[in-house]
Number of protein chains: 2
Amino acid sequence: MKTAILLTALLTGLPVLAQTNEAPLEDFKPSALNQPGQSYPQVNSQRYARFRIVAPNAQNVTVSLGLGGRGGTKLTKGDDGVWVGTTEGPMDEGFHYYHLNVDGGTFNDPGTANFYGSTRWESGIEIPAHDADFYALGEVPHGRVQQVLFPSKLTNTIIARPAYVYTPPDYDQDPARHYPVLYLQHGWGENEYAWWNQGRANLIMDNLIAEGKSKPFLIVMTYGLTNEGGRPGGRRPGGPAGTNAVPTSGTNSPARGPGGGRDFFGGAAAEFDKVLTGELIPYIDANFRTLADQPHRAMAGLSMGGMETHSITLKHLDLFSHIGLFSGGVISTNDVNTTEGFRDKVKVVFCSCGSRENPGNLNANHEALEAIGIKNTVYVSPGTAHEFLTWRRSLREFAPLLFRD
Amino acid sequence: MKTAILLTALLTGLPVLAQTNEAPLEDFKPSALNQPGQSYPQVNSQRYARFRIVAPNAQNVTVSLGLGGRGGTKLTKGDDGVWVGTTEGPMDEGFHYYHLNVDGGTFNDPGTANFYGSTRWESGIEIPAHDADFYALGEVPHGRVQQVLFPSKLTNTIIARPAYVYTPPDYDQDPARHYPVLYLQHGWGENEYAWWNQGRANLIMDNLIAEGKSKPFLIVMTYGLTNEGGRPGGRRPGGPAGTNAVPTSGTNSPARGPGGGRDFFGGAAAEFDKVLTGELIPYIDANFRTLADQPHRAMAGLSMGGMETHSITLKHLDLFSHIGLFSGGVISTNDVNTTEGFRDKVKVVFCSCGSRENPGNLNANHEALEAIGIKNTVYVSPGTAHEFLTWRRSLREFAPLLFRD
């Protein structure tokens with residue numbers, strides 16, 4: 001019965017209901033993202049997560065992660081002064097951000113590594129997905145991820161900005177070969193680390209290329225919230241970077257997202273447009289062996305990065321021919337009809353989301369586009385919400401469509 | 001009077017005494033390593049650090065950082081439920097790891113970024129150094145830092161290990177040019193991120209090269225505690241990596257270092273020797289444009305990495321010609337006399353430490369080596385202990401000596 005419920009949920013994308021009347025199976029194992037030597041948090045074969053926090057004199061410890069709408073997972077202190085708790089039911093497959101509340105303060109779980117989301121370095125946990133092989137480190141040739149520091153004067157605030165560039169495994173084998181480029185953007189509150197850490201974009205590409213499913217191309221990942229600040233000698237968003245140059249957000253925005261809604265995202269796209277098209281693309285084309293023309297340049301992004309992709313690509317169809325929106329809206333019939341040259345210039349339109357998001361909208365839009373003669377691809381990630389497994393799978397589905405001519 | 005005390009301390013390297021009878025100057029500014037939008041921790045012009053932690057229901061909050069031997073800094077809860085505290089006196093210049101104790105539990109400061117040290121992701125704070133320009137992001141050409149995943153079969157546990165490779169600014173300008181290589185190792189409890197994040201090795205090199213003080217060369221940084229584990233499908237040490245392949249330590253070693261002393265470090269060097277000389281060096285020489293011979297290969301390391309450098313270079317003088325030990329012991333007269341070919345094969349011997357460490361030993365050893373005809377360089381970092389500013393400065397002094405022939 002339990003299996004049937006889980007299977008139904010996976011197939012339909014409906015939220016899995018909590019099974020508070022049954023004890024979880026005691027086959028918990030450490031999460032793959034734990035810090036060295038740390039046994040907790042753990043995950044069992046049913047996708048329950050268990051947390052263990054040492055804080056013997058604390059009054060209250062809760063974990064933000066838990067079943068939707070229930071306020072996370074409350075831990076209980078044992079006689080040994082250690083706080084332990086298990087989610088009330090199975091979590092969705094994939095990567096989740098979370099944090100602790102200890103006596104009213106927000107802290108990270110000392111058991112796990114940190115990942116930048118919600119404009120802070122958060123704890124992360126990985127619930128193994130049934131299709132985890134596509135983003136696993138495989139016994140295949142590996143590309144590299146390079147940090148570049150590109151000069152940024154247009155926003156007039158900092159000396160240089162970091163970007164990370166994935167080069168495919170054969171990039172250094174033939175010094176005469178040039179490659180197409182995908183510009184790939186993170187979501188609100190994330191940064192230029194998101195796609196190659198939470199997203200595992202490099203490993204996904206290594207695997208796709210090894211299987212002959214994707215052409216090799218470069219992926220460029222940079223910080224897309226350039227409207228939120230960028231002070232002289234500005235501070236970096238924390239964590240490994242080897243530079244002090246990344247602008248800070250200058251805000252203490254709540255985890256759910258910034259105020260301002262569409263205006264905010266419109267501002268983000270307009271400011272980021274300047275950096276991307278005015279500074280980063282010219283830098284990449286001058287410093288890497290790219291095919292520096294419109295047919296060989298794609299842009300995609302997740303969530304806010306999808307909205308940026310929508311805005312920037314439609315404004316610059318002289319620069320981009322392939323468009324991917326991951327949980328970031330759609331290319332509508334109105335976009336097609338009001339954007340000069342769309343039918344001639346755009347080669348790929350791809351829109352995706354998780355089954356727990358709004359797949360109905362995407363499917364309806366897909367039909368509407370087809371009806372006016374615009375071929376396009378829709379992908380719905382089964383059993384996932386507005387989280388990174390949706391976007392890992394979106395990249396897996398999007399990459400094979402690129403640069404086929 | 002205060003200025004005189006500080007100046008004397010800087011010049012002599014003596015610990016600065018606490019000045020509990022004087023209030024610190026109220027010119028505190030956020031640390032450069034803070035997370036975006038976070039105002040605390042802060043540092044004032046006298047190098048006092050101030051911390052602010054929100055945990056309204058906590059009973060006790062302390063910060064591990066503070067004047068030596070005094071057990072850190074105890075915070076006090078204000079009427080607003082916020083804990084605040086200031087170090088009892090000035091901190092040493094440079095980067096410091098630290099963490100919080102909240103009601104008996106170890107957590108990071110949510111205000112700062114995280115840096116891997118003591119086998120955990122720790123909080124970090126930067127006390128601006130008087131000579132900070134040499135490690136600052138300059139308006140100069142920038143090299144890149146690349147993540148490579150090199151196959152590792154000798155230790156028979158994982159598919160691939162990550163290493164980070166600094167390539168100098170002109171590396172991609174002339175595809176025919178080949179470069180020397182420095183293998184640069186972190187200390188105990190750190191990992192392959194240390195040198196390009198805490199250490200800022202890439203920015204130091206960018207600046208030295210721009211000033212014409214150092215020849216351009218590659219720097220290769222990988223994980224050197226390969227004897228501590230490395231499980232099949234092993235976990236990474238947390239934080240950004242884009243891979244799941246790094247071995248874990250498998251221990252919960254105390255912050256002061258592992259048990260076992262010399263035996264432990266000897267084991268680390270022997271195991272790491274296999275990975276470095278058997279796997280990483282061949283990979284780098286096959287995949288980068290290196291000058292793949294002994295005259296163009298250097299090795300250096302800090303603390304445990306210095307001990308590894310000592311052991312591995314003396315065993316493989318067919319591979320290495322330049323040796324740097326940063327707070328990691330010395331090349332002794334006995335080493336010279338018992339290592340065949342030392343006088344012919346070794347071009348540079350460099351030993352350094354902080355003025356608060358054991359400079360007397362280093363200076364005595366320097367004289368002893370000179371007395372037997374071995375030219376060597378000693379550097380003592382003023383006003384620093386066994387911490388990263390010592391090692392940033394050591395790299396600044398070491399790099400210009402390399403590959404001059």
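Two strands pair if DSSP finds at least two bridges between them; helices (H or I, at least four residues) and strands (E, at least two) are DSSP runs, numbered from the N terminus. The structure is a predicted model, in which local features need pLDDT of at least 70 and side-chain atom pairs count only at pLDDT 80 or more, while totals for chains, interfaces and linings use all residues. Residues are numbered from 1 along each chain as its sequence is written, chains are lettered from A and ligands numbered from 1 in the order in which they are written, and side-chain values use heavy atoms, with hydrogens and water left out.

In chain A, strands β6 (residues 76–77) and β7 (residues 82–86) run antiparallel and are joined by two bridges. A:K77 has A:W83 in β7(A) as its bridge partner. The two strands β6(A) and β7(A) form a hairpin with four residues between them, and A:G81 in the turn has a positive phi of about 80°. Strand β7(A) also pairs with strand β3 (residues 49–54) of chain A, in the antiparallel sense and over five bridges. Here A:G85 is the bridge partner of A:F51.

Over all chains, 39 aromatic pairs are found. Rings of Phe, Tyr and Trp (its six-membered ring) pair if their centres lie within 6.5 Å; planes under 30 degrees apart count as stacked, over 60 as edge-to-face and the rest as tilted. The ring centres of A:F95 and A:F115 are 5.0 Å apart and the planes are at 75°, so this pair is edge-to-face. The pair links distant parts of the chain, with A:F95 in strand β8 (residues 94–98) of chain A and A:F115 in strand β11 (residues 114–117) of chain A, 20 residues apart. Both residues, A:F95 and A:F115, are buried (under 20% relative accessible area, with exposed over 50% and partly exposed in between; 1.4 Å probe, protein chains only).

A further edge-to-face pair consists of B:F388 and B:W391, at 5.1 Å centre to centre and 80° between the planes. Because B:F388 and B:W391 are three residues apart in helix α8 (residues 388–398) of chain B, they are separated by about one helical turn. Both B:F388 and B:W391 are buried.
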